[in-house]
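Hi everyone, thanks for coming.

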Amino acid sequence: KACSPPVSSPLLLPLLDILKRKFSVSLPFFISRRYLFSKKSHNAINIISAISAFGVAFATMALLCTLSVFNGFRELIGGLYTHFDPELEVRPVAGKFCNAQDEVLNRLRHHNCVQAFSDCLEEQAMVLFVGRPVIINVKGVDDHFAEVSNIESITTTGTANGRFLTHAADVEYGVPSIGLTQQFGAINYGSMPICAPRGGERINLTNPMESFNVMDIQSPGVFFQVHQRTYDDNYLITSIRFARELFEQPDRVSSVALALKPGTDIGRAKAELQDLAQGRFTVRDRYEQHADTFRIMQIEKSMAYLFLTFIVLVASFNIIGSVAMLIIDKRDDIETLRHLGAPQRTIVRIFLHESRMITAIGAVAGILLGLLLCWLQMEFGLLRFGNSGNFIVDAYPVSVSWVDVVLVLATVLTIGFTTAWYPVRYLTRKLIATE
């Protein structure tokens with residue numbers, strides 16, 4: 001105290017104000033950085049700090065990799081549906097069918113962003129194969145269906161002359177899914193009757209077949225496989241002419257499949273077509289055509305995110321223990337800073353910066369490790385399903401989204417900064433009060 005300069009001196013007051021403004025922010029950060037990387041009096045504190053940062057890094061890596069795997073499955077399933085589903089599908093809002101020559105529907109078909117369209121009529125029917133009834137979904141399509149989907153890429157032929165074909169002259173063909181093919185017991189099932197109830201008629205119990213339309217369909221010697229049970233179990237593709245006659249729906253459609261011109265923004269085109277639909281039709285993209293499936297996947301991803309967030313929270317508690325031990329270890333430094341005139345807020349901020357730096361180091365390291373692990377999985381397929389051959393892909397699919405990267409980083413930093421705020425303030429103030 002005898003060596004301290006007189007604070008009342010008018011020449012020293014401006015200098016003290018400048019030093020106070022200069023070090024009010026940088027001084028706590030400078031000291032906390034020195035504490036973090038310098039050797040402590042007890043080596044256990046260094047080890048605990050490293051373990052704390054490693055725990056945060058591991059939890060961050062696990063969170064990012066898990067979300068990326070969910071993204072990979074979403075893209076994988078979405079890619080499978082692209083072989084069968086069109087880019088956009090138009091369906092009537094009210095009822096199952098609508099007039100194929102509807103004025104609004106014609107405007108949607110001939111919009112300047114549409115490259116090709118295909119009229120479809122879909123309904124359930126029953127087949128009598130070897131006396132055994134099987135309920136199927138009959139999808140009637142026109143000759144442009146191959147232009148709005150990739151159906152030919154998932155069609156498998158069982159004969160040398162087999163190809164995707166719905167009709168030829170007066171012969172109507174039915175292309176079954178792999179599930180129906182297995183139920184029929186053969187790819188080339190020959191001729192097969194298909195039954196559908198007549199509209200507006202009650203079933204005649206004495207002779208039920210009088211209440212049904214019965215039409216024969218031929219096998220083209222091919223089948224298709226989407227690798228999704230929605231289509232693979234009981235779908236049969238035929239011509240829309242056959243479907244209209246079978247279900248007694250002349251000049252009607254249940255949906256119109258649209259293929260957009262290359263380079264067209266799907267979201268913008270969908271919005272324009274939806275405005276043009278005047279509320280009478282709904283325009284759906286591929287994800288919306290299977291909204292339930294992708295909604296379940298999103299719920300699973302959200303639940304995984306919440307559970308792994310708890311792991312990040314537990315890992316953040318290690319930081320509190322590490323900083324608490326550091327506060328006790330630096331008791332003499334705290335006393336020295338107080339004698340030099342450092343306010344209590346500055347001392348608290350030193351250890352808050354310490355906890356934040358440990359969190360930030362762990363979060364950044366975890367993000368980098370997660371990105372590296374995802375890249376290794378995408379390139380080399382480190383985690384595989386097995387050698388049974390029953391899976392679509394050999395290894396777990398991974399797709400890194402930068403939105404998820406930002407979300408994970410923000411989550412870890414928020415949890416780390418928030419959980420350490422009150423304990424550090426409480427321990428520091430309590431230690432100062434007991435001195």
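**Rings, a patch and a loop**

Let's start with R356, which lies over the face of F417, 5.7 Å from the ring centre. By "over" I mean NZ of Lys or CZ of Arg within 6 Å of the ring centre and within 35 degrees of the ring normal. R74 does this too: its charged end sits over the ring of Y287, at 4.4 Å from the centre.

A quick word on what you're looking at: this is a predicted model, where local features need pLDDT of at least 70, side-chain atom pairs count only at pLDDT 80 or more, and totals for chains, interfaces and linings use all residues. Residues are numbered from 1 along each chain as its sequence is written, and side-chain values use heavy atoms, with hydrogens and water left out.

Okay, aromatic pairs. The whole structure has 16 of them. Rings of Phe, Tyr and Trp (its six-membered ring) pair if their centres lie within 6.5 Å; planes under 30 degrees apart are stacked, over 60 edge-to-face, and the rest tilted. Take Y81 and Y231: they're edge-to-face, 6.1 Å centre to centre with 85° between the planes. Y81 lies in helix α2 (residues 43-81) and Y231 in helix α6 (residues 229-232), so the pair ties together parts 150 residues apart in sequence. Helices here are DSSP runs (H or I, at least four residues), as are strands (E, at least two), numbered from the N terminus.

Are these two buried or exposed? Y81 is buried at 1% relative accessibility, and Y231 is buried at 7%. Buried means under 20% relative accessible area, exposed over 50%, and partly exposed in between (1.4 Å probe, protein chains only).

Next, F84 and F145: their ring centres are 6.0 Å apart and their planes at 70°, so that pair is edge-to-face. F84 is in the loop between α2 and β1 (88-92), F145 is in helix α4 (residues 145-148), and they're 61 residues apart. Both are buried. Ring pairs link Y81, F84, F145, F224, Y231, Y235, Y287 and F294 into a cluster.

Now over to W375, in helix α12 (residues 344-380). W375 is partly exposed, with a relative accessible area of 43%.

Last stop: K261, in the loop between β14 (255-260) and α8 (266-276). K261 is partly exposed at 40% relative accessibility. Its C-alpha atom is 5.8 Å from that of V114, 147 residues away along the chain. Leaving aside neighbours within four places in sequence, K261 is in contact (heavy atoms within 4.5 Å) with N112, C113, V114 and Q115.
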